[in-house]
Amino acid sequence: MSHSHPLPSLGEFTRLLTAIANIHDDEEGRKYDVVVSLFDQMRNLFGVSSSPLLYTCNIVINCLSQSSRHPYSSFTFLGKMLKLGLEPDVFTFTSLINGFCCKDRVDDALGLFVKVVEMGFRPNVVTYTGLIHCLCKNRDVDHAVELFKRMESDGVRANVVTYNSLVSGFCDCGRLGDAALLLRDMRVKPNVITVTALIDGFVKAGKVFEAVELYNVMRKMSVEPNVFTYNSLINGFCMCGRLDEALRMFYLMEIKGCVPNIVTYTTLIHGFCKSKRVEDGVRLFNEMSRRGLAANTVTYTVFIQGYCLVGRPDVGEQMFKHMVSSHSACPDVRTYNVLLDGLCCNGKVEKALMIFEYMRKREMDVSIVTYTIVIQGMCKVGKVEDAFDLFCSLFTKGMKPNVVTYTTMITGFCRRGLIHEADALFRKMKEDGFLPNERVS
DNA sequence: TTAGGGTTAG
């Protein structure tokens, strides 16, 4: 770098660094590289004697710990900090612990937490909340509650973010009662995220009227619902086929000044498609387009499913081709799954198998759901041997069949009268730890 | 001046 121009100050450099660190970029890796290289340039320019401020290092370390490309770079950077004579603080360690949390490495996160406490640092509400959130995401809500209690006995007060993690955690594992109690007994005012988490919990459990009741309560508590809240409620009505009520909620949100987004429309379209009212879905699609909202992958996928459901796989296929050729949205595995399943259910198994071959040639990321759909299609047209070959190949690919896969294959054998094969597979399924009537999520 | 939380499709 040439020094012919006056140098920016250390403060200006740090502001730049913070700005870059906070950019939400698709190319995460590149951003982190820029941050580290900028930090190195700062050090070269200002010299080691003018030691960079601790918070500058903390910005860098936070970037590094969230980077998935270089898993240990944050610890390498910590070493660099120590060499420069900088003492890490609670911000530094919270970022490092959170780095493990981001990668779902709860045990490493907890291990580091214990070490940091042993070193005499006092974790604060952010440190605890990061761990609680990570435990909840890993469905270990009991452990999260334990940590929550420890936090309180350490004299660290939970804030709304802590409660939000726990309420969502309870909801995610179906403990709606615990979530409701926690919401009731919170020592800080809940916000829209807290209440919406429980509303969505009710919706996912099929209890849409409890969700609506909570919606009414939240307005009395002067917690203002937002687009997330309304999308959740609309989804709740759609899920149980109450489309009129879904529409009424949709109108209500507009009256309340809440602007519907692409998720709102896609949820409604999905509701109509599932109830075989694809034309009503198209009307919503047109309205959405008039408002300048562009359909995304999910919107198209919902339509493809809808058209297949009403026996028009040709239109579904057309939409699929349109999304590819117009580059308006990129089909993902789920789009392919819906198309394959739709074709199979409409007697177009051969076509589905061709698309599946194409997917394999292109080395696309196929899921166990894709395989299950194809196995089912093969069985349907009597190609039980091909289906079983594909089933067996899963193990060498490192894929695990789930209950649906097993059930599909067993049913295929049974339909052909291959009772011994079916029985053997049934036993293998139980060996793999599946109960015959287990549901898949 | 630095760290933590949410919705949609099989």
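Modeller: Happy to! Arg 139 counts as exposed because its relative accessibility is 59%, where exposed means over 50% relative accessible area with a 1.4 Å probe, protein chains only. This is a predicted model, where local features need pLDDT of at least 70 and side-chain atom pairs pLDDT 80 or more, while totals for chains, interfaces and linings use all residues. Residues are numbered from 1 along each chain as its sequence is written, chains are lettered from A and ligands numbered from 1 in the order written, and side-chain values use heavy atoms, without hydrogens or water.

Arg 139 sits in the loop joining α7 (125-137) to α8 (141-153); helices here are DSSP runs of H or I, at least four residues, numbered from the N terminus. Its phi is positive, near 60°. Most residues other than glycine have a negative phi. Lys 276, also not a glycine, has a positive phi of about 65°. Lys 276 lies in the loop between α15 (262-274) and α16 (278-290), and at 54% relative accessibility it is exposed too.

Now to the DNA. Around DNA strand B there are 38 residues, with Tyr 55, Asn 124, Asn 164, Lys 204 and Asn 337 the closest; a residue is near the strand if one of its heavy atoms lies within 4 Å. Among the polar contacts (N or O atom pairs within 3.5 Å), Asn 231 has a polar side-chain atom 2.8 Å from a base oxygen, and Gln 305 has a side-chain N or O atom 2.9 Å from a phosphate oxygen.

Note on methods:
Polar contact = N/O pair within 3.5 Å; in protein donor to acceptor, adjacent residues only side chain to side chain. Helix = DSSP H or I, 4+ residues; strand = E, 2+ residues; numbered from the N terminus. Buried < 20%, exposed > 50% of the residue type's maximum accessible area, 1.4 Å probe, protein only.
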